[in-house]
Amino acid sequence: MKITLPDGSTAWLVTDFDDVRAGLADPRLSLSRANSTGGYTGFKLPPALDRNLLNLDPPDHTRLRKLVAGAFSGRQIAGMRDKIQATADRLLDGLTGTVDLMAEYAAPLPIITIGDLLGVPADRVEEFRGWTDAMMTTASRDAIASMYQFMLDLIAAKRTTRADDLISAMIEARDGDERLSEEELLSLAFLILLVGHENSVHLIANSILRLFDGPADTEELLRVANPNLHAIRRFPLEDVEIGGETIPKGQTVLLGIQAANESSTQHLTFGAGIHYCVGAPLARLELEIAVETLFRKFPEATLATDTLTWRESFRSRGLRELPVRLTP
């Protein structure tokens with residue numbers, strides 16, 4: 001069906017599970033805004049932050065994805081389990097009474113984890129979190145400008161002092177054999193830091209909220225607690241038929257991930273095809289550790305409010321706070 005977006009442009013929203021799954025893997029649906037003819041604007045990021053995996057098609061997408069895929073392999077992520085577990089334990093230690101688990105637990109756990117993987121100084125990760133929240137709700141120019149400068153400074157620092165982290169590895173790729181352009185390096189580091197924590201923050205919080213209604217395994221939580229209402233927008237390279245509707249070339253297509261999830265016992269939370277989320281193993285591990293640790297330490301935890309406040313966003317469903325009553 002055709003809808004009007006907050007910026008006044010129109011889009012085709014796809015909600016049927018089979019149509020969404022097919023659309024996620026359809027090479028005729030481009031991620032590049034260069035193929036848009038429908039007036040879509042989206043985030044107005046600086047060009048140097050825009051050349052990332054969410055805006056690219058093959059062959060550039062394939063090349064960039066290969067550079068980071070190894071860092072998110074199942075084996076590599078399994079090796080992070082002890083460190084993530086230690087972070088979860090530390091964040092929960094000493095908490096008692098009524099606590100905002102969004103601020104104290106669900107938000108810091110993923111940002112600390114992805115910051116450690118990338119090599120972000122520990123005293124700067126929360127600062128980045130604040131900019132992210134501003135960008136996702138209001139697309140604040142100040143927040144985006146701050147993010148941009150933050151990434152420039154971080155990469156400059158890594159060039160001076162390399163370390164055993166993902167940004168240092170990407171700099172090696174850039175400065176070694178030119179497999180990454182400077183804009184690609186900056187954009188890719190930005191995307192991993194942004195998406196690597198933003199989605200997990202709300203997945204964890206939404207999952208905790210869901211578990212107050214009864215038990216659920218990880219895959220069920222991924223199905224019902226996924227914060228992303230739709231996948232990153234697509235633009236048809238030719239007229240395409242989806243769900244009996246012909247969508248003209250260049251129009252904006254939104255594949256409704258959460259609507260599709262709710263109509264099936266399966267889920268499309270991590271996408272499908274060549275754009276399947278490269279960080280899926282990390283997100284799944286963070287979720288497992290976060291909910292298991294919380295309810296093991298506080299089996300009698302209860303929701304401490306009857307009124308929840310949700311973030312204003314047509315892109316995702318995320319809580320502003322999660323007041324929970326904890327009894328050790």
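I took buried to mean under 20% relative accessible area. The model I looked at is predicted.

**Histidine 202**

I looked up histidine 202 and found its place in helix H11. Its relative accessibility is 1%, so I count histidine 202 as buried. I then listed its contacts, setting aside neighbours within four places in sequence. Histidine 202 touches Met102, Arg129, Ala225 and Pro227, and also Arg311, Arg317, Gly318 and Leu319.

**Helix H11 against helix H14**

I stayed with H11, which covers residues 182–211, and checked it against H14, residues 280–297. The two axes come within 10 Å and cross at roughly 40°. I noted the crossing of H11 and H14 as right-handed.

Next I wrote down who meets whom. From H11 the contact takes Ser200, Leu203, Ile204, Ser207, Ile208 and Leu211. From H14 it takes Ala283, Glu286, Leu287, Ala290, Val291, Leu294 and Phe295. I sorted the residues of this contact as 10 nonpolar, 2 polar and 1 charged.

**The sheet with E4, E10 and E9**

I turned to an open sheet of 3 strands, in the order E4-E10-E9, with antiparallel pairing. Strand E4 (97–100) and strand E9 (302–303) are the edge strands, and each pairs on one side only. I looked up how E9 is joined to strand E10, residues 323–326, and found 2 bridges, with the strands running antiparallel. Across from leucine 303 I found valine 324 in E10.

Terms used. Residues are numbered from 1 along each chain as its sequence is written. This is a predicted model: local features need pLDDT of at least 70, side-chain atom pairs count only at pLDDT 80 or more; totals for chains, interfaces and linings use all residues. Side-chain values use heavy atoms; hydrogens and water are left out. Two strands pair if DSSP finds at least two bridges between them. Helices (H or I, at least four residues) and strands (E, at least two) are DSSP runs, numbered from the N terminus. Axes are lines fitted to C-alpha atoms, for helices over the stretch in contact, and angles run from 0 to 180 degrees between N-to-C directions. A crossing is left-handed if the near helix is turned anticlockwise from the far one by less than a right angle, and right-handed if clockwise. Contact means heavy atoms within 4.5 Å. Ala, Val, Leu, Ile, Met, Phe, Trp, Tyr, Cys and Pro count as nonpolar, Asp, Glu, Lys and Arg as charged, and the others, Gly among them, as polar. Buried means under 20% relative accessible area, exposed over 50%, partly exposed in between (1.4 Å probe, protein chains only).
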